[in-house]
Amino acid sequence: MKRDALFGQIPFFWPDLNDEEYALYDCLTMSTDAVGQIRIATRDVDAIFRKTNRLLRTLPDDTLRLLGYPEASLPFLRDKALPQETIIGRYDWIVKDGTLKLMEFNADTPTFIKELFDVNGYVTTEFGLDDPNAASTEELKAELRKAVIAAWQRLGRDGTPKIVFTAHDDNIEDKWTTRFLQETLDLPSEFVPLDRLLVNADGVFTPSGEKVDVLYRQTYPIEHLVDDRAPNGDLIGIRLLELNAAKHVSVLNPLSAFLMQSKGVQALIWELYEADTYFDEAERSIIETYFLPTYLEPDPFIGQSAYVQKPAFGREGDSVILYDQAGVPFHKETLQTYADETAVYQQFIELPTRLTNTVNGPLETHYMVGCFCLNGHPSALGVRAGSMITNNQSYYLAIGTTKENNL
């Protein structure tokens, strides 16, 4: 089977994006032991983030500003609406030379979901490998159901909830990622594009006038939502957060997921680690093993090691700059959308490379491994392959397992 035939059999998938190859007719082979190590690491660092979130809710606004949170989001950040801190989060890993190092955590609006929970099985079958994500969709369904039930119970209403999934209708990746979640939940629900939701002082409504109880906005970031305005100038995004706080609607992922989203949280974790406070010895061992030194200024790296500058709320490599140990930039992303926003500075470790098959022939690519964590439970994993900085032009590469290869 060739690439077009392989991906053509998968409903509601986008093997190409912006007329460029996205899904590779290729598969990274990894041992089951290696997959297990990544999942253990994901479970352990997730516990660190969840404990840190409890601390973040006690911090003053000035400290949260230093960590990069938008001013408009501050009144809502301490809301612990659900037992879950986040429903679907994704940890991005450097897997190299027998070690695992955490690059970052997308706690609030990770994509890469359809690819890892669904498409991965098609690709591994094509290449005669086992699918390490074979059980992951059922895990996802269970956690989605638990989240929706918790979100509904929070409202204290009788009857049956009106569940709506929403995304930008003109973004194929966002739309079909969201629709995949809707189908996986397998409960009565509706998909309504973001621009067709009706938001007023009484709640959120569908175009037909039904009041929404649970609103799932998997791909719509809070840092964008707080600036969203209606055509009449109304701060419609802030109104949605106010409605959520007042229990007129329950929004998923919850605001606690956004609280973990800032890369400034990694700087806080590293600061607490260096100060030998808040974390016990077992937790400090996890941080020492998996976390990279991360700060809110570059000074600790000058003359010591290469480092990377990342915006606290950047995405897809946008505004990332790589520096050598003298503080001289040697690689810079073309897009610098977040250049003026709060940044963090993290020790740079070059991503591993592999010869990857593309439609234009073999290509040397850098790759990182993303592993989803569903309410504390490590789950599906897969690879983004591309340049030294993983960006919006990076490829999707499936992972298949054998019992032979190691990290």
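Predicted model: local features only at pLDDT ≥ 70, side-chain atom pairs only at ≥ 80, totals over all residues.

Q: What makes β7, β6, β10 and β11 an open sheet, and is the pairing parallel or antiparallel?
A: The four strands line up in the order β7-β6-β10-β11, and the pairing is parallel. At the edges lie β7 (190-191) and β11 (250-252), each pairing on one side only.

Q: How do you know that β6 and β10 pair?
A: Pairing takes at least two bridges between two strands. Three bridges join β6 (residues 163-165) to β10 (residues 214-216). Therefore the two strands count as paired.

Q: Which helix lies across β6, β10 and β11?
A: Helix α5 (residues 136-155) does, at about 155 degrees to β11.

Q: Why is α4 called mostly covered?
A: A residue is buried when its relative accessible area is under 20%. In α4, 10 of the 14 residues are buried. Among them are Ile113, Leu116, Phe117 and Val123.

Q: How does the reach of α4 compare with the expected span?
A: Helix α4 (residues 113-126) has 14 residues. At 1.5 Å a residue, 20 Å is expected. From first C-alpha to last, α4 reaches 20 Å, close to that value.

Q: Where does α4 bend?
A: The bend is at Val119, by about 50 degrees. Val119 is also one of the buried residues of α4.

Q: What comes just after α4?
A: Gly128 does, with a positive phi of about 70 degrees.

Terms used
Residues numbered from 1 in each chain as written. Heavy atoms only, no water. Expected span 1.5 Å × (residues − 1). Bend = angle between axes of the 7 residues up to and from the residue. Buried < 20%, exposed > 50% of the residue type's maximum accessible area, 1.4 Å probe, protein only. Contact = heavy atoms within 4.5 Å. Axes fitted to C-alpha atoms, helices over the stretch in contact; angles between N-to-C directions.
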